[in-house]
Structure formats: C-alpha cells, structure tokens
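Colleague: I would be grateful for a close look at a single part of this model, with its surroundings described in a connected account.

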Amino acid sequence: MAQARVLRRLAAILVADIVGYTSKIENDELETRVRFNDLLDSVILPAIEDYGGRLVKTMGDGVLVEFSSVVNSVQAGVEIQSATAKQNSVQFVDHPWQLRIGIHLGDVIVEDDDIHGEGVNIASRLEGLANPGEICVSDMVYTGVRNKLDLIFKDLGQKSLKNVADPLQVYSIVLKSDLDNETEMPIKPTERPAVAVLPFKNLSENKDQDYFADGLTEEIIISLLQFRFFPVIGGSSTFAYKGRSIDIRTVGEQLGARYIVEGTVRE
C-alpha cells in the first residue's frame, strides 16, 4: 500500500487567544461564550475576511488563521487588536477583554481543512510570549513587512521556544495605543537590503551529501550573521523552501529579501 503524500505549503499563520479565558469561564460560562462569539463575529472574522485570510478553526479561547500574504496577516492582526481596544472603550469599559496574537511565516502541513506542523507551533509560541493586547512576530514576518507597512517594532531579542530547535528572533508591534507607554525607543523599519541563503542543492547521487549541503548552507548563514551591515534571513525561514521548485522573485518578496544566495554541492 502506497504511503499517503504529505502536502506542505508556505503560509503566514496567526494565532490569537483571549487573556484570562479560563477564569472567565469559571465565573460565568454562558456569558463568556456569548461574549467570545460576539467578538468573533464583530471583530475577528471581518478582519480575516478583509485581508484575505482563512479561519482554520477556533480553539476554545482562540483562533488559528492562515494567510497567503504575510503583509495581510499583520494588517489583520493590527486591525483585530485595534478594533478590540475600541470595542472595550465603548461597550466594555468595566469588563474589557484583551487578546494575545502571534504571527509567523513558515512551512505548514496540510491535512484536509486543517494545518499543523512547525509553522503553526511557532505562531502559537509567539502568541504565548505576547503581553495582553500585543502582537509578537518572528524575524521572518518582520523582514517581510518592515518596508511595506508603516509600523513600529520593538526588538525582543532571541527567544527559546518550546519544541523549536534554534532560538528565534522576536519582535513586538507597537500599536498606537501603546506609544505613550513605551519607555524604550522602538525600532523603525530599516531600509537596509536583506539577504536570504536558500538551502544548497545536492547534485550527487549520494543522499548522504544532503547533510553536507544543509550544513554548508547553515555555515554561510552563520558567517553572514557576523556582519551588522545588512539583515540576514534565518535558516528556520529559508529551509522552508528546501526541495521546492521556486521562482526567485517570488521568494524574495515572500522573505522580504533583496538578495538571494543559491548554490549546489557535488561529490
């Protein structure tokens, strides 16, 4: 019996959840579910639709959303947080709700209408890092939108995420409502051109050379990271393209990179 083919694709993943949802359910389960459904219908779903996303599923206290565009995913996240804050100031002054949002651009495994895999896991971990009312994004998302959206970012440094092998550079988006509370100077999107090193191809018949090709790619990325003159896309992002037939211009747009490095390895 032939083994089922695993389908993968690159996607921008947004994960959001309600802060303090468990205690809200314990206090008033019915009212909490009504309020969540209202937030879903009045804020979350309209933002998803406006920016071309797909609601994959609700997860009790949150949502998993997929976008084909990383720019649209961030715009939707900002809209959700802004609309939620506005709703709180008008309707729920005494009992405001807040969301945490995490966004990552990465490889996902497709299974019917559901998606899972490392891309979803990283977005979920980023959501867990976010403060109430905040959006945390990975370096790949930051690189993809920094020159396209008029947003301010705060560098949170490298974070070790559960079940993710390498530390990930994380940024938070400084929303307009947060600007007055900022004590540190946030960073503005840089105009410096970014470089992405795609996984080198093994042209030999020896499959063991795949490990050498991957290692060589990682060494080049690490070496380039020593220079501070230009941003370098992390390997956790570029290895999502391994083994794919790709268009360099499309890859550059998706990664937010002006320069793409490719290579081959032969015994």
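Modeller: In this predicted model, strand E8, spanning residues 168-174, is largely enclosed by the rest of the structure, because 7 of its 7 residues are buried.

The pairing of E8 can be described through two strands. Strand E7, residues 152-159, runs antiparallel to E8 and is joined to it by 7 bridges. Within this arrangement, lysine 159 stands opposite leucine 168 of E8. Strand E6 also runs antiparallel to E8, with 4 bridges joining the two. Here valine 137 is placed opposite tyrosine 171 in E8.

Alanine 130 counts as buried because its relative accessibility is 3%. Apart from its neighbours within four places in sequence, alanine 130 is in contact with Arg100, Ile101 and Cys136. A further spatial relation concerns alanine 16: its C-alpha atom and that of alanine 130 are separated by 9.9 Å, although the two residues are 114 residues apart along the chain.

How values were computed:
Residues are numbered from 1 along each chain as its sequence is written. This is a predicted model: local features need pLDDT of at least 70, side-chain atom pairs count only at pLDDT 80 or more; totals for chains, interfaces and linings use all residues. Side-chain values use heavy atoms; hydrogens and water are left out. Buried means under 20% relative accessible area, exposed over 50%, partly exposed in between (1.4 Å probe, protein chains only). Contact means heavy atoms within 4.5 Å. Two strands pair if DSSP finds at least two bridges between them.
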